[in-house]
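Open the model in your viewer and keep the selection panel at hand. This tour moves from stop to stop, saying what to select and what is there.

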Amino acid sequence: MESTITAAELETVALDDMLARLDEQALVLTVNKRLAAWLHRRHADLQAADVWETPHILAWNGWLLSLHDQLLTTGRETARLLTNHQESLIWEKIADGWNHAQGREALLRPAAAAAAAADAWKLLHGWRIDPRELTSYPSPESRLLANWFDEFKLLCAQNGWLSAAELPALILKNIDEQAVPLPLNLFLAGFDELTPGQEHLLAHMAAAGCRIAQIDNARPEAAATRCCCHDNRDEIRRAAYWARDRLQANPQYRIGIVIPQLARLRKDVERHFHAALHPEALTAASHSVSDIFNISLGTPLADEPMVQDALLFLDLLRSQKMSLGQIGQLLRSRFLGDYETEWACRSLLDRRLRETEPPEMTTGRLLQVLSTGAGSNAARCPDLGKRLEKTISLQHQKEHAPEDRAAEIAALLETAGWPGKRSLDSREYQCRQHLIGLLEDLAHLDPIGKGMSFSDAVLHLRKLARQTLFQPQGNSDAPIQISGPLEAAGQDFDALWVMNMDDDNWPSRADPNPLLPPGLQRAHGLPHTSGEREMLYAATLTQRMLQSAPEVIFSFPAMDGERELRPSPLISHYPLIEQETGETDFARSMLGSAPVETVNCNTAPPVTSDDIPRGGSGLISDQAACPFRAFANYRLGTRKLEEAELGFDARVRGTLMHRCLELFWNEVRSSDELASLGEEGRHTLVSECIDQAFGENRRDPGLEQGYLELERSRLQRLLTRWLETIELQRAPFTVAGLEEDIELELEGLELKLRADRIDTLEDGRQIVIDYKSGRPFTPDWESERLGEPQLPLYTLSNNRQTAGALLAFINGRETRFSGLVEEKSLVPGNNSLLYKGDWDALLTQWKTSLHALAAEVMQGYAAIDPVDPARSCRYCGLQSLCRIDESESGFQLEENDDS
Amino acid sequence: MTAEIADAARRAEALDTGRSFIVQAPAGSGKTALLTQRFLALLSRVESPEEVVAITFTRKAAGEMRNRIIEALTMATGEAPTKLYEQTLWQLGRKVLEQDRRLEWNLLANPNRLRVQTIDSLCAGLSKRMPVLSSLGGQPQISDESDHLYRLAARRTLLQLGEGAAGEALGVLLADLDNNIGQLERLLAGMLQNRDQWLRLLMQHDRARMRDSLEEGLRLLVRSELDAMAASMPGALLERMVRLARFAAAHLPDKSRTAPVSDWLERSTLPTSDPDDMHAWQGLANLVLTNSGTGLRRRITVNEGFPPDHREEKAEMQSLLADLEEEDAVVSKLDAVRHLPEPGYSEEQWTRLESLYGVLVHAVLELQLAFAERGEVDHVEVMQRALQALGEEDDPTDLALMMDYHIRHLLVDEFQDTSHGQYRLLRKLTAGWEPGDGRTLFCVGDPMQSIYRFREADVGLYLQARQHGIGDIRLEALNLSVNFRSTATLIDWVNRTFAVTFPEMEQPVSGAVTYAPSVAHHPPEPSDRIHFHATLDDDRDAEASAICELVRQTLADYPLEKIAILARAKSHLAEILPALRKAGIPYQAVDIESLAHHQVVRDLTALTRALLHPADRIAWLSLLRAPWCGLDNADLLAVARAAGDQPLRALLRAPATIANLSEEGLSRFTRIREVLHERLREARRQPLAKLIESTWLALGGPALLREAAEIEAAERFFETLSEQEKGGDLEDFTVLEEALEKLFAPPDPESDGKVQVMTMHKSKGLEFDTVILPGLGRTPRNDTEQLLNWSYFPDEDGNEQLVMAPIRETGADKEAIQTYIRLLERTKQQHEDMRLLYVAATRARKRLHMFGSAKIRTGNETPQPPAQSLLARLWPAVGQAFDNLEEQTTEVPDTPEPAQPPFLRRVISGWKPPAPSAIAWPQQAKLAEQEMAPEFLWAGTTARHVGTVVHRYLEWIATSGISNWSAERVTDYRNRIASALQALGVTQHLLPDATDKVILGLSNSLEDSRGRWILTDHDGARCEYALTARAPGGIRRMVIDRTFIDEDETRWIIDYKTGSHEGGSLDGFLAQEAERYSAQLDAYRDALRQLEEREIRIALYFPLMKAWKELDIPSA
Ligand code: SF4
């Protein structure tokens, strides 16, 4: 029996007539749930009574499902109807299996192909196309599809599954066999077009005696206008203010905002509508769901804060390791355990981890630092630690039935103290219920096999959470309804604004199913197949929208980035209106309105006895580079929030090198000893020192053993070169001090210094040496604001005559001294070190400058005055605090060519 | 406007739809108009509009061309226009409309059928339609910015360090970089970003073939240099040199036996351009050039092979040298030959390249994994995939089958900026096309304006295509020459200048392009001006103030005209922009100032960081020092000390006083403390951007700004934050900061756009009345380092050739290949610099001002420009401006008084920010949102499914008549029940138990007298009775499990509960349940009371327990 009913053949009834006549024998089927809900409300508006029997109004798919339920109960049908999640999981299994067999030609995103296949499967059923037709289009895509279809069919048959696409056929069979109850009158609402599958089903219902009509609630075509906006953002803003004005003028209005690109623009839409309709909330701390507007499109559940953190926590358990960034998120999460009392130590721990740990941490190490802290005197987080420990012990390692996995995950989250101690607001509450709902879905993912690993369970849960769109309830009745063109189908409004009507988007570009052969799609007129098809479709929708409100405004953006757009030809003939918002937004309206003053901030309070900044040469060097920097770092206690690096950072490498040299010179106390050591002896000793230094090192570079080997051999290379090319060539010396701690009192400051090395020359004079592992530079030791002051500082505390101050640069690029010496002969072969002026005067000058700098610190001199803005500020990190960019001189342009 | 255009005939020829062309369209020659016309001409000849595809360089250009086509078609629907140049369009449009009608295209209603797109979108389209052939599986998200993925892949690669072969190779590389992991990570990430340049070679060949092909590249390079060498060398001269070289080789003293010239000992034939002859050429160079410098030899001694007793040869040699003095070209070529590398790798070099290769292959695989994980790819990947999907050139994919249409005509705009990847794409798209088969290719561009080397453009491809065609398609060359933009004054200058400065000879390998002069369409005007402002010793502040003065004057003289300041690099504007601001000249800076450096953005970033991270002390202190709070140093210190080592956030709930905090400070602190405290309580209940914005507004942030532009910047910040945030949090703060770094402050909304400031690159395609080019004497920053040095160039067939060399070990000597590649790249860059100047200069309609500074180096008399500056390129034409300059530079720079350290700008204490009020709209009564306490999480699903099935069966029993039912029948239905449960999702191992429960519940109900009574068919009996009732704020829907009127005319409302309980007292349990459901049942009762007047009683029935609980029992 190959009969069909097309939409055009159906008799039509007016909406309100139909609603008035609804009785128990009538059934209204709508194109989507949204329309069903609206019809229920509309029906309610027509009722005189306060209570009435709920009419049978439901969405097409919901109706099919309810019939299937009945068939299951009575046992007529037994096949298990697959949920969306289950079905997509099956397609993904098929795709993964196929992909594994492909080797190098494997697909980058098998899941996307699976989704396209599932879509193709639905299309073929909805359009009643025989899959065998695929064979007439010999492309790799259609071969793959045919192959996957076969596999899917086989799996369904073996397991007694039924896909949603096949449900109409099953219902149809039962209609023919009179096994399902049919209404006397069937009304269809909101179907812009019927699929061949639907037409077919309707024909059979008609044959079974059902009277079918179509609801027509078209109004006379509105006198539409169009509005040219600057860009998408402007479009949204204008629509929002327009809606607000309409609503204020007519509080009873129901206003529609149709946005074809809603998915892309959702965030902006939410933001601007909220700003326009709830200005009072602009400065409010809390954020509640609007009761004035409703957006039909939800957001992925996975993006809800509490769900995101739950998934993150599960991920930690799953992968047993995690990036520091994500660990930081967990440490800052208020949805885990007793955040309210533990937040301070958690955040301090995060800061600490960034300084001491490699970019990725194992769960084990995390557990350790939570309970014992990282390094010395660091924060511990016992609550979180205990929770993590307990969750780890609860985890089942073996395969487990999905239902049990769901229970396990619930238990893990509960143990983790999720969702925290703060009471839930309504959105959070719903969110939590949704997550529980997802656990149910997870429990039902059993068709794929008996067991599920923990890891798979978490990954599936994440996927489900990403696919599930979450929309808090409570405002579906709001007077302003924002939706895509399809969701608005069948409803009518008092005023309607339709956005995105530029000729690039409306009609939109053809977007056929990527796996189905284009020829086949065109032959059957599948949706989105061709430009022609899109054109007709857009025209139908435009017409429908024109007839769904007495006032209709079409808007389009004139620009998309730098590209100029034109109005869609479907609306370009409507008269242009200026729908100005006439509204300065709140932020702009207050621009510059605050009374301001400027205060001199060159000084801070002088240092008091209970507040003496503690530090070493860094304090003086900061004071020299920029007084404010010293103030911030040493008196305000600022410290950069680090980002973890792979491998040893410069500091650790420096420490290792210092330690090696210290160990070395402990053994070799003079140039003579060095010389007599011989090449082999040097080599052995250096390598022993390296062994010891690395043995003492506690830092984890986050890399394999091979890295440590490389670091050792590098150090061996560098130190050997250093000893040979520099130390062996120097004037005779004995080592007088190694890594000596020195306390220096300067204008009341107690500086803690450490002299890397002090050598005594034959005549008793001394040379102070500081090791550096960075790029060589020449210290600025002749100006008032001394750069690199540690060696000059040391000379202040040295009683013996200092004959030279040398920075020893030891790195792969260059190995050399830099600094100043009194006489050329002290370091042969390097004339640039010789100080040309009067040496004693220099020492005196250092003394004066250093005292002056220390005095500045003590007096609280804290001017924002970098010696060399380009260099001093570059790695300073205090720009947000000192506000140097705000000042005239602070204008910075990145040295970045081209583009 | 004059009637006849000088190159009209060529423009007409370009519309011949049967031929393929390559058109050279210099600046201002109206190339888009030509493309539009040709597109229309082609449209009128095809079966479907999709058969004509135009490829543009940017989306903007695509939009513009598309709009022009639509406008032409719209115009063609009307009467013929009177203007001459519109008539052609109109006629072309008419023809298209005829075709449109005939074939029912409906183009004007459906302009999306026009295919004008960028290469990126073309590739995206191709790969999307061929998910299997492209191995993508489905279209991923394509992002413009994938740095984080490159970094991720690089990092993951590094984690392999020490493991297996790749690990060892990494070790080698790392050692080369002084074990600098961070640097290696950056370099690897950079390589991944540019992978389209090396990937094809590295991924597809086996290693032996890879070596062959790389060495082939080297040989080709050497050959090309030798070609040029041979071409510049007069034959007679060569013969003389050969003769002398042979003599010298034979007479070299022993210690000089290794000198290159000794190669001539065994050789007598003239050298050719065969790479094997390289040593011979180098020998010749060695003969005449000094060993160290680039100059000709002055002294001829026995050491060079001329013993004192051979007077004659020595004299001959001297005369040769004298003659060479006149042959600059020969000498410079000879010098170049000396630097040519061996056309092959040493084993050691090759080992190092191979280890690099291993690492890169691994990194690419990691990148693929990262792509797959994130479902996100970059444009390079899309192009690679599209290329893959198109098949091989000799076995192309049948596009018609995949796309449902053929491409019959391709138009390519900006062809001079084609990359090798794009070129390959064109070859594949046109594979199998044959001359005269009706399919055509039309490439338009201007080699003189190729300036996108840093985006892999290779102008050599244009030159090759012009000479040899693309694939099998020959392209006829058409040159446009009329410039419709600039006045004759400017054109003359441009012609004169660039004719001198552009290379004399075209050379695809090094991207050398020759100059093609233009013909002015506009006559000269008296106000035209071209001036070079020459200075010495680059005083940037002086230049900035001179430019300010110039702009001011120009604005005054020509108030209606546009001025542009075009800089080579953004940093060259560092002094000019502040100077303009100071001078009060409004300007629009296009993509110049990084958003991250705006103070307002820094404030917002600090606010974000503070709210997200309690221990970010810098951010917290910044909040307190920002103008909305404005604590001075003393108060800041007091607060910091009060917090001690703890996070400052702890102070939000601290006691009312803080030691040493001034009274004013306290009031300032209290205000912000209150705002922040309540925000933090509500944190993560709203989008992060919303939280930050509302905090900012509550603090009165915008009230403290000075310019509207700052609000725009803040808005961009919020947009960026909104893109970056996930779940109200940020994983990585630096990612946000990097994103801000890459964004630019929006143009000042208060500027009218009269003065625009941008980079030269950005100005491409634009025009201005006056153009100012600052800082021509400056040198851009050095090239960033690469792991590999490589260079691409096209060979004669347009096949890409690649040469590469590994990076040098830190501190080690450079290698010849590498040095040569760098040299080649530098030459290419110099050629490109020339073109960049051409682009910048031709933006001007009437006036061009150039600023440049040179230096007098010690030992030199005359000033010289820095070698890599644009001025150096322009020197032959403008050098004379620097003659006698000394006096002018004595102008005393007004020594700026030492700048005051900045003051703290802050709000007056006690100020309250404005608060917005709600809109006037009668809010509907709303149920107060109560905060809900957490309850138990997971109860399992099986119990619910049991309930569902029990409900459904009870309905069935009641509606089908209880008399038909018995406990036995229910037991017989065991299988049906089980399958119903299973269909709901009850798992196999729980199924027997669940089925038992259902059966128990049902048989209980059938055995229990209360149950039978409930299920019996009474008056007014209904199951699953659905009611709707009005409720405050809307309607309420309810479904009643069972209702009927009993023998006493009482209506019963009964709800089934399938729970059961173990242990404890049954009564207690039932009481609890009654408590729990009483509100719900009350509502049912209230609803039914509206429908009938009758006593109504409510109860719960528990089939699994045969229990019954009436609620709210009437007291009577
Ligand atoms: S950023 Fe510059 S001005 Fe600010 S504190 Fe640091 S060094 Fe001083």
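Predicted model: local features only at pLDDT ≥ 70, side-chain atom pairs only at ≥ 80, totals over all residues.

**Stop 1: the ligand**

Select the ligand. It sits in the second largest cavity. Now show the residues around the ligand: Cys626(A), Phe628(A), Arg629(A), Ile864(A), Pro866(A), Ser872(A), Cys873(A), Cys876(A), Gln879(A), Cys882(A) and Ile884(A). Colour this shell by residue class. You get eight nonpolar residues, two polar and one charged. Helix H23 (627–636) and helix H30 (879–882) each give the shell at least two residues.

**Stop 2: two helices in chain B**

Two packed helices are described by the angle between their axes and the distance between the axes. Select residues 688–698 of chain B for helix H27, and 708–724 for helix H28. Their axes are 8 Å apart, and the packing angle is about 150 degrees. Angles over 145 degrees count as roughly antiparallel, so that is the description for H27(B) and H28(B). Show side chains at the contact. H27(B) brings Leu688(B), Ala689(B), Ile692(B), Glu693(B) and Trp696(B). H28(B) answers with Ala714(B), Phe717(B), Phe718(B), Leu721(B) and Ser722(B). By class, the contact holds eight nonpolar residues, one polar and one charged.

**Stop 3: a crossing pair**

Stay in chain B. Select helix H8 (residues 181–193) and helix H15 (residues 347–374). The axes come within 10 Å and cross at roughly 70 degrees. H8(B) is therefore roughly perpendicular to H15(B). From H8(B), pick Leu188(B), Met191(B) and Leu192(B). From H15(B), pick Val359(B), Leu360(B), Ala363(B), Val364(B) and Leu367(B). Which classes do the residues of this contact fall into? Eight are nonpolar, with no polar and no charged residues.

**Stop 4: cis peptide bonds in chain A**

Zoom to Trp418(A) and Pro419(A). A cis peptide bond joins them, with omega about 0 degrees. Pro419(A) is in the loop between helix H16 (402–415) and helix H17 (426–443) of chain A. Then go to Trp506(A) and Pro507(A). These too are joined by a cis peptide bond, with omega about -5 degrees. Look for Pro507(A) in the loop between strand E17 (495–498) and helix H19 (518–524) of chain A.

**Stop 5: a positive phi**

Finish at Asn660(B). Its phi is positive, about 70 degrees, although Asn660(B) is not a glycine. The loop here runs between helix H25 (633–643) and helix H26 (663–681) of chain B.

Key:
Residues numbered from 1 in each chain as written. Chains lettered and ligands numbered in written order. Heavy atoms only, no water. Near = heavy atom within 4 Å. 1 Å grid on protein atoms, 1.4 Å probe; cavity = no way out; pocket = protein on both sides within 12 Å on 5 of 7 lines; lining within 4 Å. Sits in = over half its atoms within 2 Å of the grid points. Helix = DSSP H or I, 4+ residues; strand = E, 2+ residues; numbered from the N terminus. Nonpolar A, V, L, I, M, F, W, Y, C, P; charged D, E, K, R; others polar. Axes fitted to C-alpha atoms, helices over the stretch in contact; angles between N-to-C directions. Parallel < 35°, antiparallel > 145°, perpendicular 65-115°, else oblique. Contact = heavy atoms within 4.5 Å.
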